[in-house]
Amino acid sequence: MSLPATHREVRLAALPEGALTPGHFEVVTAPVPAPGPGQVLVRNRLMSVSAVMRPLTLAGPDTLGLPQLLPKTGEVMRGPALGEVIGAPGTGLAPGTLVRHRAGWREYALLDAAQASPIDPEALPDPAAHLSQGFTAWLGVVRGAGVRPGDTVFVTGAAGGVGSLAGQFARLHGAERVIGSTGSRHKADRLTRELGYDAVVLRGAGPIEEQLRTAAPDGIDVLFDTVGGEQLRAAVAVARRNARFALVGALAAQLSDDASAPTGISTLALIARGVTLRGISALDHQDAMPGYLREFGRALREGALTCPYTRLTGIGQAPRALCELLEGRHLGAVLVEL
């Protein structure tokens with residue numbers, strides 16, 4: 001196929017001080033790169049945005065394991081994408097192969113062959129599900145917290161791309177009661193009506209701990225945490241004996257002026273109740289991917305689980321998509337069709 005001479009990509013124009021706006025980005029025209037031996041040229045078709053992509057000013061980002069996600073001013077943004085192989089000399093990848101990679105935010109991506117993972121089109125019934133954050137949700141539930149029958153589970157950030165799936169996975173693994181947190185009554189109603197949550201703690205509607213005690217009068221067995229801050233402190237206060245906490249995100253700090261701000265929690269309470277805290281990252285558990293895909297695909301096909309997402313069209317909508325996600329305007333994943 002003939003290639004265009006140029007394509008569009010989104011670059012970071014300025015680091016935000018306060019709220020992120022589309023003005024912090026610029027959509028620029030650049031030459032379409034040509035693949036050399038061992039390289040893959042991909043025409044991106046769909047990309048996702050997530051809160052971890054918010055540009056930050058961090059001292060020593062290497063210590064947080066985030067440098068690969070944090071572009072400097074003037075650089076192209078990065079994130080998960082699905083695309084079609086256009087050319088891949090000497091790699092064994094045939095043109096037309098659908099691959100997943102981390103060079104989104106551009107219409108064409110040039111990758112080393114090892115950075116492009118072929119997608120099994122039969123594994124999941126909707127290609128968009130390959131860009132969900134279901135793997136993180138599944139890992140937190142299965143490996144991070146070990147949810148088991150009878151558990152009461154508290155999922156923070158329950159309306160996000162991770163949380164909207166974590167509560168459903170918890171139910172699939174036997175949770176008796178699933179409680180979520182979110183920032184709007186509209187999303188709270190959707191969580192209980194559409195995604196199977198039993199109760200919702202609403203940010204801004206009073207102290208989180210008081211709301212959580214009402215929703216879980218006997219305490220919680222599991223915390224699936226994407227937020228940190230006040231919600232993590234509340235979970236410690238309400239934890240039952242031998243509760244298991246899976247920490248997969250820290251949005252309270254990341255969306256503040258100090259992305260590395262600590263959360264003060266009672267270590268005495270952790271010790272007295274035998275609470276286990278485990279930070280979990282998908283990068284450390286790639287061996288679990290086949291099992292996750294089998295369970296996720298089966299649950300989607302059987303209707304036991306839904307994968308909510310919002311789709312915007314055009315690379316020019318990518319900055320808006322990220323800003324709206326951070327503002328909490330959408331439930332589930334946020335995708336951009338390129």
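This is a predicted model: local features need pLDDT of at least 70, side-chain atom pairs count only at pLDDT 80 or more; totals for chains, interfaces and linings use all residues.

**Helix pair.** I looked up H1 (residues 134-144) and H2 (residues 163-172) first. Two packed helices get described by the angle between their axes and the distance between the axes, so I went for those two values. For H1 and H2 the angle is about 40°, and the axes lie 8 Å apart. Angles under 35 degrees would count as roughly parallel; H1 and H2 are therefore oblique to each other. I also checked the handedness, and their crossing is right-handed.

Which residues of H1 and H2 meet? On the H1 side I found Gly134, Ala137, Trp138 and Val141, and on the H2 side Leu165, Ala166, Phe169 and Ala170. I sorted the residues of this contact by type and got 7 nonpolar, 1 polar and no charged.

**Sheet.** Next I traced the open sheet: 6 strands, with parallel pairing, in the order S10-S9-S8-S11-S12-S13. Which strands stand at the edges? They are S10 (199-202) and S13 (276-279); each has a single partner strand, so one side of each has no neighbour in the sheet. From one strand to the next, the twist averages 15°.

I then zoomed in on S8 (residues 152-155) and S11 (residues 220-225), which run parallel and are joined by 3 bridges. Valine 153 sits opposite valine 222 in S11.

**Helix on the sheet.** Last entry: H5 (residues 229-238) packs on the sheet, where I see it touching S8, S9 (177-182), S11 and S12 (239-247). The direction of H5 makes about 155° with that of S12.

Key: Residues are numbered from 1 along each chain as its sequence is written. Side-chain values use heavy atoms; hydrogens and water are left out. Axes are lines fitted to C-alpha atoms, for helices over the stretch in contact, and angles run from 0 to 180 degrees between N-to-C directions. Helices (H or I, at least four residues) and strands (E, at least two) are DSSP runs, numbered from the N terminus. Angles under 35 degrees count as roughly parallel, over 145 as roughly antiparallel, 65 to 115 as roughly perpendicular and the rest as oblique. A crossing is left-handed if the near helix is turned anticlockwise from the far one by less than a right angle, and right-handed if clockwise. Contact means heavy atoms within 4.5 Å. Ala, Val, Leu, Ile, Met, Phe, Trp, Tyr, Cys and Pro count as nonpolar, Asp, Glu, Lys and Arg as charged, and the others, Gly among them, as polar. Two strands pair if DSSP finds at least two bridges between them.
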